[in-house]
Amino acid sequence: MEKLDSFNPRTGGLVGSVVVTEPDEIPMVVDKSRAAFYEWSALSHAERRKYLKAFKRTLLGNMDRVATLLHEEAGKDLADAFLGDVCPAIGVVDYYARRAERLLRPRRASTWPMSFLIRGWTEYHPRGVVAVIPAYNFPMILTMVSIVPALAAGCSVVFKPSELTPLTGQLIGDLVQEAGLPAGLVQVIHGAAATGAALVGSDVDLVVFTGSPRTGRKVAAEAAEKLTPTILELGGKDAMIVLDDADIVQAARGAVWAGTLNAGQVCISVERVYVSEAIYEEFLDEMERAWGEITAGSGDSRDVGAIIDPKQIEIVDGHVADALARGATLRRGGHQVTSTSGSFYEPTLLTDVDHSMKVMSAETFGPVVAVMQVPDEESAIRLANDSPYGLHGSVWSKDKRRAATVASRLHTGTVAINDHMINLYVPDLPFGGVKDSGYGMELGPEGIRSFCYAQSFTSPRWASTSRILLGGRWNPRRFGPRYWRNFARLLYRW
Ligand code: NAD
């Protein structure tokens with residue numbers, strides 16, 4: 001039996017191990033999941049709600065256990081573990097336990113202009129067995145935004161946590177069991193790319209993948225072989241736009257927080273800041289002041305957390321070096337922290353940047369924020385949209401209507417006004433990206449419907465509608481063009 005070890009990125013020490021699931025075991029796991037699906041999908045919403053509420057209570061009773069493991073396995077500061085993973089995860093369970101039935105209620109269709117002849121409606125049925133493959137950076141919430149709506153919709157789940165955070169994945173599976181959910185409904189398998197690929201290629205009915213665009217493309221191609229639908233939640237390169245009338249202190253502190261939370265390993269962290277030149281100097285002064293309050297590897301309340309994947313340090317360093325070689329100014333940080341045995345990168349602030357630099361075009365996924373001054377609003381919008389990614393962004397202005405107008409011109413799945421990434425705390429808002437950030441939606445009404453197929457129905461009000469249109473012999477060719485022209489005018493001239 002092959003083992004997968006999980007290491008603490010803060011210390012390099014071993015946290016624990018799991019057994020790798022061999023690719024040839026996966027068909028059995030999927031069969032078991034399908035059996036669980038048949039029983040689970042036969043339950044009413046009210047019955048499933050009881051289980052989800054039990055799961056919520058279990059999570060509330062085990063918050064510290066989860067946060068401590070996230071601290072150890074993902075190197076997060078404890079506060080960040082609660083803020084970014086534990087609390088919103090419970091919020092997702094709460095939301096779908098309350099709302100699933102209403103969100104999946106059959107929808108009556110408008111049958112105008114044939115309403116006097118026919119009724120129509122759509123029902124939402126669970127797709128079946130869902131494969132969930134999350135990334136490593138938020139091992140709890142990334143898993144929960146998929147498995148909770150899947151369960152609420154009536155699906156069963158097989159999920160493979162990242163090979164960098166298998167213990168958190170295992171703990172989620174254990175908590176599902178402790179909450180008393182049926183055996184086999186949520187199964188955890190372990191391994192890296194080979195296990196993930198085998199799961200995608202298995203007999204599942206939907207794949208929800210969260211990770212890099214590079215792997216996302218492979219997953220989409222593999223799933224396409226079986227025409228298995230996919231939801232792809234991929235990378236981001238969030239822009240923050242600070243307009244000339246922004247609250248400078250709030251915006252600057254917001255940028256520092258949202259750029260360095262979880263050491264910048266957030267798909268929706270601030271990586272690029274476009275600041276109106278009218279307030280640029282003042283904004284930068286405030287940012288530098290706030291920068292003094294954060295550090296990496298200190299283990300105290302200033303600590304932004306560890307770099308979970310040690311290989312990522314090379315990428316982050318490469319982006320900083322590339323920017324400096326092309327003329328950027330290093331205001332803060334810029335190096336790996338070498339004074340500890342853990343894996344840390346100094347929170348790094350760059351200015352004098354442009355779009356020829358990787359820090360402005362490729363996902364850095366580290367605690368690096370690049371700030372660029374712009375002459376006006378139009379330039380800020382153009383530069384923000386000049387990106388292969390389109391996941392999230394934010395606009396800062398004291399005039400919220402102005403901010404909303406700018407926000408709606410950003411080509412991204414979500415935008416925050418005078419804030420960043422707070423949408424995680426509003427699970428009624430669908431989440432998902434455009435361009436290289438992927439496709440498909442999680443959360444909100446769209447999120448739960450992603451786990452369903454829509455089945456649409458028609459039913460005649462009197463006799464069969466076609467019989468009324470075509471006559472008792474059901475033969476459209478009995479009528480010439482004049483009949484059909486009049487038919488179209490009758491129906492559609494209004
Ligand atoms: P990754 O693409 O390397 O891996 C993601 C998952 O895919 C892991 O569980 C991995 O084991 C698995 N995997 C690898 N190869 C596979 C294959 N061929 N078939 C199936 N599964 C395979 O991503 P990562 O490095 O873990 O995560 C970082 C990336 O995730 C960043 O780009 C980040 O922006 C993105 N991300 C996106 C979101 C979002 O919601 N859009 C959220 C968090 C992270």
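1. The largest pocket holds about 1,200 Å³ of space, a pocket being, on a 1 Å grid over the protein atoms alone, an open set of points with protein on both sides within 12 Å along at least five of seven lines, and its lining residues having an atom within 4 Å of a point. The volume is the space filled by probe spheres set on the points, with grid points joined across faces, edges and corners. Of the 38 residues that line this pocket, Y136, F209, G211, S212 and T215 are the closest to its centre.

2. This is a predicted model, in which local features need pLDDT of at least 70 and side-chain atom pairs count only at pLDDT 80 or more, whereas totals for chains, interfaces and linings use all residues. Residues are numbered from 1 along each chain as its sequence is written, and side-chain values use heavy atoms, with hydrogens and water left out.

3. At least two residues of the lining of the largest pocket come from each of α7 (193-200), β8 (206-210), α8 (213-225) and α11 (310-325); helices (H or I, at least four residues) and strands (E, at least two) are DSSP runs numbered from the N terminus. The largest share, 6 residues, is supplied by α8. By class, the lining of the largest pocket divides into 19 nonpolar, 10 polar and 9 charged residues, where Ala, Val, Leu, Ile, Met, Phe, Trp, Tyr, Cys and Pro count as nonpolar, Asp, Glu, Lys and Arg as charged, and the others, Gly among them, as polar.

4. The structure also holds 2 cavities of 30 Å³ or more, a cavity being a set of grid points where a 1.4 Å probe fits but cannot get out. About 90 Å³ of space lies in the largest cavity, and of the 15 residues that line it, R272, A384, Y389, H392 and T412 are the closest to its centre. The elements that give two or more residues to this lining are β10 (238-242), α13 (377-385) and β17 (389-390), and the lining residues divide into 5 nonpolar, 6 polar and 4 charged.

5. The second largest cavity has about 50 Å³ of space, and its lining consists of H45, R48, R49, L52, Y96, A97, A100, E101 and A152. Two or more of these residues come from each of α2 (45-61) and α4 (78-103), and the classes are 5 nonpolar, 1 polar and 3 charged residues.

6. How many disulfides does a search of the whole structure find? The search finds 0 disulfides, a disulfide being a pair of cysteine sulfur atoms within 2.5 Å. For C87, the nearest cysteine sulfur is that of C267, 18 Å away, while for C452 it is that of C155, at 6.3 Å. C87 counts as partly exposed because its relative accessibility is 33%, whereas C452, at 3%, counts as buried; buried means under 20% relative accessible area, exposed over 50%, and partly exposed in between (1.4 Å probe, protein chains only).

7. C155 lies in the loop between α5 (141-153) and β6 (156-159) and is buried, with a relative accessible area of 0%. Leaving aside neighbours within four places in sequence, C155 is in contact (heavy atoms within 4.5 Å) with F37, W40, P126, R127, G128, V130, A150, L185 and F451. The C-alpha atoms of C155 and D205 are separated by 9.5 Å, although these residues are 50 residues apart along the chain.

8. T228 is in the loop between α8 and β9 (230-233) and, at 10% relative accessibility, counts as buried.

9. T122 belongs to strand β4 (residues 118-126) and is buried at 8% relative accessibility. The side chains of T122 and S456 are joined by a polar contact of 3.1 Å, a term for a pair of N or O atoms within 3.5 Å in which, within protein, one must be able to donate a hydrogen and the other to accept it, and for which residues adjacent in sequence count only if both atoms are side-chain atoms.

10. A cis peptide bond, with omega about 5°, joins W112 and P113. Phi of N262 is near 55°, a positive value in a residue other than glycine, and N262 is buried at 2% relative accessibility. N418 likewise has a positive phi of about 55° without being a glycine, but is partly exposed, with a relative accessible area of 29%.
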